[in-house]
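I opened this notebook to record what I looked up in the structure. The entries follow the order in which I made them.

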Amino acid sequence: MSQWPSGVTVVTTLAGDGAWHGMTASSFSSVSLEPPLVSICLTKTLYSHELIAASGIFGVNVLAKDQTDVGRRFAGMDASADRFAGETWSTDQTGVPLLDSALGWFDCRVVHAYPGGDHTIFVGEVVGARAARRSAPLLFHARGWGQFADVLPDVAALSDPGVVGGLAVAARDQEVAHVAAGVAGAGARVRVADLTGAVSLEEAGAMVPRTLPLETASVLVADRAQADLVLAAGVSVVEICLDPGKPGRTEELLAALGGIEFRSAVRIQDPFAPERLDVVLDAIEQLAAARVLEIGVPDTAGSATPLRVRAFLQEAVALARPVPLRMGLHDRDRLGLVKAIIALKSGVRHFDTTLAGIDGAVATEDLVRLLEEVDVHTPVDSAALAALARELRAGAPTPLTPSSLVEPSGPQIVGAAG
């Protein structure tokens with residue numbers, strides 16, 4: 001049985017005098033949804049068994065990956081006199097202690113108690129519950145405490161939001177049509193225009209390049225009017241920026257996108273800034289519920305450390321499902337590919353890169369080579385992309401990755417153009 005992995009919970013209850021009591025348990029299971037029932041199995045010789053049998057109430061607190069110390073303490077594996085010290089606890093319907101920092105908890109009343117050999121199977125009706133935290137669970141296996149192992153995906157998809165703008169900044173406009181067509185032909189979506197600087201809808205319309213492959217392209221827009229304009233022109237995807245740090249912006253954006261969510265890729269500004277974590281995760285949850293096409297989390301300046309990327313994506317990927325997260329990878333300090341592997345192992349399957357790294361991002365051909373080396377399939381033609389990248393680099397009078405070539409942070413989204 002030690003080879004059977006499980007989650008870890010702390011089961012809590014009350015003594016006759018109202019004193020709190022708790023123990024670590026892994027024998028917890030869902031029994032029924034209607035009515036909501038769960039079960040725990042406790043050895044008959046345990047004091048907790050006696051208390052639950054007498055009181056008819058218990059709580060189940062599901063521990064997070066960073067709460068090994070809590071699990072060990074309630075398992076009696078350290079010398080703490082007060083197991084409840086150092087944590088914040090609440091009560092709900094039954095009065096049992098419920099751990100505020102847990103992944104979630106269930107407040108239960110016993111409705112059945114079945115004999116199970118040297119254990120009793122307590123079935124509890126859930127009278128209160130809370131999903132309190134965004135994190136990965138703590139796991140127990142072979143008498144060890146751990147987390148989920150990382151598994152690489154089978155397939156990854158790529159888009160290129162930077163090569164057209166990068167060529168324009170480098171004064172190589174004559175190459176735009178050829179390169180954009182080549183990237184699209186190789187199987188990557190390419191951003192063909194950024195309309196966020198347009199002062200009128202007429203100017204925005206003139207900025208949409210009708211000679212480029214719009215049916216496999218995206219355009220960065222500032223508002224719903226521009227989005228409608230480019231979709232009518234045949235562009236497959238509109239990209240739009242969101243600053244969730246401003247109250248009401250996410251709701252305003254979703255209202256503006258009504259009816260075109262499934263063709264809208266929302267790019268969140270500064271998603272890896274630690275001080276913005278809560279508002280960014282809230283925005284991801286709302287965008288996922290609205291079923292936008294995808295949610296972009298660009299590391300625009302390359303400032304996110306690999307550890308920060310890992311911690312953020314462990315929470316964000318789960319919240320975004322079923323909407324894919326698309327991570328933009330800057331290559332500052334040459335750590336872009338390191339963060340790409342971390343993102344892959346965290347559940348990200350969609351990436352923004354740039355051919356030849358022309359805007360300071362990870363070079364698309366480099367990421368494709370990496371994916372091939374770790375047996376992650378991508379639908380792009382790697383040979384065609386590599387040849388195009390060589391051609392692009394060969395024609396460059398100066399290096400193609402100046403630090404000044406970074407993606408603009410984007411506008412603050414409003415409902416429609418004035």
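Entry 1, terms and basis. I took two strands to pair if DSSP finds at least two bridges between them. Helices (H or I, at least four residues) and strands (E, at least two) are DSSP runs, numbered from the N terminus. The model is a predicted one, in which local features need pLDDT of at least 70 and side-chain atom pairs count only at pLDDT 80 or more, while totals for chains, interfaces and linings use all residues. Residues are numbered from 1 along each chain as its sequence is written, and side-chain values use heavy atoms, with hydrogens and water left out.

Entry 2, a sheet. I looked up an open sheet of three strands and noted the order β1-β11-β12, with antiparallel pairing. Its edge strands are β1 (6-7) and β12 (144-146), each of which pairs on one side only. Between strand β11 (residues 139-141) and β12 I found antiparallel pairing over three bridges. Within this pairing, Phe140 stands opposite Trp145 of β12.

For the surroundings of each residue, I called it buried under 20% relative accessible area, exposed over 50%, and partly exposed in between (1.4 Å probe, protein chains only).

Arg249 and Glu252 form a salt bridge through their side chains, at 3.7 Å from N to O. Both residues belong to helix α7 (residues 249-256) and are three residues apart, about one turn of the helix. I noted Glu252 as partly exposed, since its relative accessible area is 33%.

The salt bridge between the side chains of Arg267 and Asp352 spans 2.7 Å, N to O. Because Arg267 is in strand β17 (residues 264-268) and Asp352 in strand β20 (residues 350-352), the pair ties together parts that are 85 residues apart in sequence. Arg267 and Asp352 are both buried. They also belong to a network of salt bridges that links Arg189, Arg191, Glu239, Arg267, Glu294, Arg326 and Asp352.

I recorded Glu365 as buried because its relative accessible area is 11%. Arg393 counts as partly exposed, its relative accessibility being 41%.

Conventions:
Salt bridge = Lys/Arg side-chain N within 4 Å of Asp/Glu carboxyl O.
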